[in-house]
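Thanks for coming. I have one structure to go through, so let me put it on the screen.

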Amino acid sequence: MSFGHRYDVIVIGAGHNGLICAAYLAKAGRRVLVLERRHVLGGAAVSEELYPGFTFSVASYVVSLFRPHIIRDLDLARHGYHVIPMDCAFQPLPQGRGLARWSDPDRTRREVAHFSRHDAEVYPEFSLAMTRMGLLAKAVIDRAPPVLGSLRPSNVRAWARLGRAYRHLGPHLQHVAQKLFTMSAADFLDLWFESPILKGPLAASGIIGTFKGVRTPGTAYVLLHHYMGEIDGAFRSWGFSRGGTGGVSMACARAACAYGAEIRTEASVSKVLVQGGRARGVVLDNGDDFEAEVIVSNLDPRRTLEGLVGAPHLPSRLTEQLRRYKYDGSSGKVNLALDGVPTFACRPSVGDHMRGDIVIAPDVDYLERAYDEAKYGTWSSRPFINAVIPSLTDPSVAPPGKHILSCFVQYAPYHLNQGTWQEERDRFGDAVVDTLASYMPDLKDRILFRQVLTPWDMEQQFGLTEGNIFHGELSLEQLFFQRPVPGMAHYRTPIASLFLCGSGTHPGGGIMGASGELAAKTILGHPT
Amino acid sequence: MSSPWDTIVIGGGLSGLSAAVTLARADQRTLLLEQRAATGGLAAPGRFDTGAVAPPVRQDNGMLPLGLLRHLRLAKHGLTAKHAVPALHVLLQEGGCITVRSNASQTEASIARHHAADAKNYRRYAGLAQKVAPALARLLQHPGPANGIRALPLILKGLRWWKMPAMHELLRLAPMSAQDFLDQWFVTDSLKAALAIPAFQAAWGGPFYPFGALHILIQEALSSHFVTGGMAAVATSLERAAVHHGVTIQTGNRAERILLASDGTVRGVQLADGATIAAPSVIAACSPRVVYQQLIEHRHLDQGFLWQARHLKSRGTTAHLALLLNSVPEALAPRARCAPGIEALEQSFDKMKQGEIPEAFALEIEVHADPPALSVLAHFVPHTVQGGWTSEARRELAHRILAPLKPHLPGPVLSSRLLTPEDLELDYQLPGGHLYHVERSPDQMLAQPLHGWKPPAKGLYLASSGTTHGGGSVCTSGLVAARALLRAKKQSRLEMRRTRRF
Amino acid sequence: MVGTPFYSRQLRLCQSMRWKLWSGFYAVDSYLLEHDLEYFALRSAAGLIDVSPLCKYLVRGHDSAALLSHIMVRNIAKLGVGRVAYTCWCDDAGKVIGDGTVMRRDEHEFLVTTTDPCFSWLCRFLYGYSARVHDVTDDLAALALQGPYARDILVSVSGTAIGDMRYFAARDVLVAGRPIWVSRTGYTGDLGYELWIPRADALDVWDALLTAGQSYALRPAGLMALDMCRIEAGYILKHVEYHSALHALIEARKSSPYEIGLGWTVQLDRSPFVGQRALQLEARTRSPWRLAGLDIDWSETEALYRRHGLPPALSTEPWRTSIPVYRDRARQHQVGYATSGTWSPLLKKNIALATLRTNCAVPGTRLQIAMQVEHERHAVTATVHSPRFFDPARKTSVAI
């Protein structure tokens, strides 16, 4: 067989993880080609002008856990990485009340004290405990996971390192850690707080992107994500990327190109060529083929292995495991272009409370009800919404005086028990706008344009299987040394020279970049 | 301080009784205090309105640790065990019934009448349970934490687990929900729902909730020894053994407070009437929530410890219904399960969460012969129902529990006795009304003695379903606590002798 | 952020526009452009300091004395009515969570004041006690009237003979016809009183005091002057000299009462209190750290400046950054760190409060403290001193 072109490495998919992986490999001197199906780069971390003058962060909308060492390693700041911090998390409530949590602890205490004096004072203690837990989690997410059953020295050392980090916590925090990794978000928060109102938005961060309720065990540890930024020394890591989240991807792409990688858009890979248990190259939809020593896929595990490689090349046990691998996309996105700033009934001024996270999660029961509706296959009529108005902090995304309201919505189950998403899309969008309008009465009059992305749309548009934004459910049995499936946790696949670098590998989830980086290091044989 | 007692055991349930017998056999002067009129706790038989004996709340789940109980010689006191697992009838929603027996091929045949693929998969399912059983048994029935040199065998054992594929499999399966776990094998909805029942008993959660698989596996793996006469027989024989070995049993006597000296050592027990009984050690065989929230004075406890104790979860979702019948319903004997289906059960759970009485329940049925009676455990009954447990609400609940059983009963129900989770809380001193005292959620299973989760008072030991060894595996915690106490006594005797010598 | 009840008056008086945030309140750092005038008012006449941001809790109920004895390291049950006690409270491991005063209003009512919120900590122990905790931080304004003439001003404004009021006593007094609580306590180490005023009466009392104080050169004083005074008096400040055990990220940041000079408040042999076991153990052994004062050698400082051709130019403002303290001039063996310090205009000394290894904390020991002069790092001799640099007899004496 002869190939059109030869490369050292081909990266399939130019999501942020794929681009980071490519950049690391190119930096190490490899000849890298990145192939992207769409006309834009970034995968789900993408900015697109959907309506004239308005640049939307179509899918992923805030930058949170991006690993600071990647920014330094790839010199991303020089390539345009520019994140504006958010100062506030605002939770509008019915009956004209609202709760805003600020970076300043005293200001937050004063706000929370309206609902519970006890909670107001315990809040810093909770943050402290979570910061300590974050130090433990950092030991987990910044390295490739150790596996079970292997007595290889490096593996035993990795476990020992984790053991030390755990022992370092001391008995009290060890209890907290045990609880954190097994409890539900709501139960875990009950250990500290009494006010269901404060617990609402806190618990909500435990369910983002998963098809679980706030009372479902295993959601507590996701709360950690909010405290991870603090311990990286990168203050205020929560923020808007200037020009939309596509800006992060573009910075990664520029870095990759600067190191010598080649990126082709509108190059949809149809097949990975496997010969003798080795991946040899890829074939595009248009028939072009490329040869490479190593193929890295930024697609999710099922799409890569079943879609591009094909079941005949895979061990039957793996096919079975991939079938069981849970996706269960549960979230949707509603993007609105507005001709002015909407006002909240409870805090009518255009203030700093609108420049951060806006969370529609009035209390814990509200979230649980949203889940109860969705788990049988209907979208939540009163959903949990996480909204941001990036144009209030970043004027580059909308024309002067106009604004963007970007809403992440849960739950919207991929598998509907009645109807299809094409039929339900608009009704779902209406429900979201209605819910928001009950807090922002003037919202409906200001809408210029609306885009509703259902899990089905996300699958079509971004190739997210079943619309899962994390390339597979973040549930305990699919994490750490079991992500995506036991025995494949080291970015490797049963096909020699075919690697995974997407969110479906450890640690996965969010615009973190760690999967891409760790995959690159695995390929380069660097210790991780 | 001289005292007629070496040890006071608070609570005369199965754990308390086994602790007392173990102590008395080691010549400890033991006093057992039980607040109810009879010992046995949840295993004690009740009474119907007619005066007939009603089956106890606790059903025999086959997890009585006979190996551990052997040295109590309960056989001498009238306990006989069967090492075969008795048949389990699963009543299907769509009519008909599957009988699960210890013989897998018989079960296969029974399932095959309804669904061919399920029948084939049953063998694999049963095989898995057998594969992980040893790992689970070691984890759950190990006699307790070890330090220093005694930890060595544990470490060696740990290394063996490390290489065991069953252990890896367990790690993957345990966090699954009952639904995901059973979906791997079965299609028949009510079979899945029936097999999922142990998950509902153990922890707060519906069939969609993670960690259901863990409890199903524990039940399947450890359920091996059934006793003749059910749990009431265990209670009776333990009480006989206690009396035989010289335990003083005081029923109708409630401990109000565990008295501690200022250095945190146990001094004795204060009773409800204000009288105090001195003793150097106490085994509290009652709910940990009662111990930490009522019996011990808080100023003797560490703040960090109290923080944990205050947040013990024990949300009971199980009601017990005892039915007196004309004759034994053969279709259900000796035990049966009935559940509407996975999704329907989850809906029941949602209803329960909102404080409503669901339409359908997951039922565990145990048939008693003398007098002919049924013991039914119904899952997803709210602890407090909206509007309170009025007589109408109770009637409605009994009616809905009974509805799926009606066709299988040989005659009319002569009398019935219903205990809602709230009743269980009040009658049996179970805060929250959970049958295992505290929920067996993974955090609470882990957080027990392994990491300093033993009572911080010297001479106080905890023995109940609420401890690590509790849950379905009754008696174990009593034995473990009694042995720990004896070991501590022996050690302090040795130390005293040593100091005297020098 | 909000102002205290005196905000409207302060806004007019604060010429320097130097404000600072204290527990979420705006507090004046210095009213005048030169803060040391306020310091001299406090030391030679009288100063009026707004301390309303202090957290104030009323503990009421039959068991309130038992409850507070359980929480505090000091046996509050023995505190007489109309007395105030300074104490701290610890966690299970005997590490300090906070410090403050407890005033016994009557048999079953106590006022707890502290710099940081501790409502939830107090409430954690309520189980089993018949007592309730009320947060009165926003209901009570607080003023500190401090200085040698504080008594005269208070007598003239209240018309009451309070000359016999002993150190750490408290009583009810009428000021400008308004009933307020007065305690003879303070944070300047001088004669002084703290006034606890119902919010509605706050401005009236403020005006009355400033009017009456005109004859005694009374000045409103800001936090900077207060900080200088408290360093001279050797009083510790939370977040500066120590960190609350509840908010310390690592163990090393926690301190026991013995390590921050509060060992004298610990009463060990009594009914159980939080941290008792750990403190008993520590009392038997030796704590690794001690609070001490440092007297930084002036002539050496002057010599350093001279080397650069400069006159000695120390800042007149108090500082609170951590500065390493060494045993040797070569700065090889660190034995502790200074936490706050100031030039004391009255004592004519450059002083600091420091946390030192116990064996180095003996008064008279000569240590080396790091000092930067004209971009260069040096070491200057600092002699260990009792933290109490300023301790006049009038602080505790009674006027007859």
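Leaving aside its neighbours within four places in sequence, which residues is Ala256(A) in contact with? They are Leu19(A), Ala22(A), Ala23(A), Ala26(A), Val34(A), Ala261(A) and Ile263(A). Before I place that residue, note that this is a predicted model. The predictor gives an ipTM of 0.90 and a pTM of 0.93 for the complex. For chain C, the mean pLDDT is 95, and 100% of the residues reach 70 or more.

Back to Ala256(A). This residue belongs to the largest nonpolar core, which has 166 residues. Ala256(A) is among the members that touch the most other members, together with Ile10(A), Ala22(A), Ala23(A), Val34(A), Val296(A) and Leu367(A). Three of those names, Ala22(A), Ala23(A) and Val34(A), are also on the contact list of Ala256(A). Another core, of 149 residues, lies apart from this one; Leu64(B), Val132(B), Ala235(B) and Leu301(B) are among its members. As background, nonpolar side chains tend to be buried together in soluble globular proteins.

Now chain A as a whole. Its secondary structure comes to 17 helices and 18 strands. Its radius of gyration is 22 Å, close to the 24 Å that the globule rule gives for 528 residues, so chain A is as compact as a globular protein of that length. Along the principal axes, the C-alpha atoms of chain A fill a box of roughly 70 × 55 × 50 Å. Of its 528 residues, 57% count as buried. If we take the contacts in chain A with a separation of 6 or more, 73% of them come from residues 24 or more positions apart.

Next, the interfaces. Between chain A and chain B, 25 residues of chain A are in contact with 26 residues of chain B. On the chain A side, helix 6 (170–182) and helix 7 (185–190) each supply at least two residues. Helix 6 of chain A has the largest share of that side, with seven residues. By class, the side of chain A that touches chain B has eight nonpolar, ten polar and seven charged residues.

The contact between chain C and chain A takes twelve residues from each of the two chains. Helix 4 (residues 119–123) of chain C gives the most to the chain C side, with three residues. That side of chain C divides into seven nonpolar, four polar and one charged.

Last, the domains. Chain B is divided into domain 1 (7–45 + 69–80 + 228–312 + 436–501) and domain 2 (84–223 + 317–382 + 386–419). The centres of these two domains of chain B, taken over C-alpha atoms, are separated by 29 Å.

For chain C, the assignment gives domain 1 (2–54 + 137–221), domain 2 (56–112 + 261–284) and domain 3 (233–255 + 288–400). How many Å separate the centres of domain 1 and domain 3 of chain C? The figure is 29 Å, again over C-alpha atoms. Between those two domains of chain C, 15 residues of domain 1 are in contact with 15 residues of domain 3. Helix 2 (residues 35–44) of chain C gives the most to the domain 1 side, with four residues. By class, that side of domain 1 has five nonpolar, four polar and six charged residues.

That is what I have for today.

Terms used. Residues numbered from 1 in each chain as written. Chains lettered and ligands numbered in written order. Predicted model: local features only at pLDDT ≥ 70, side-chain atom pairs only at ≥ 80, totals over all residues. Domains from an automatic or database assignment. Contact = placed C-beta atoms within 7 Å. Nonpolar A, V, L, I, M, F, W, Y, C, P; charged D, E, K, R; others polar. Rg over C-alpha atoms; globule rule 2.2 N^0.38 Å. Buried ≥ 20, exposed ≤ 12 C-beta atoms within 10 Å, placed from the backbone. Core = buried A, V, L, I, M, F, W, Y, C linked by C-beta atoms within 7 Å. pLDDT = per-residue confidence, 0-100.
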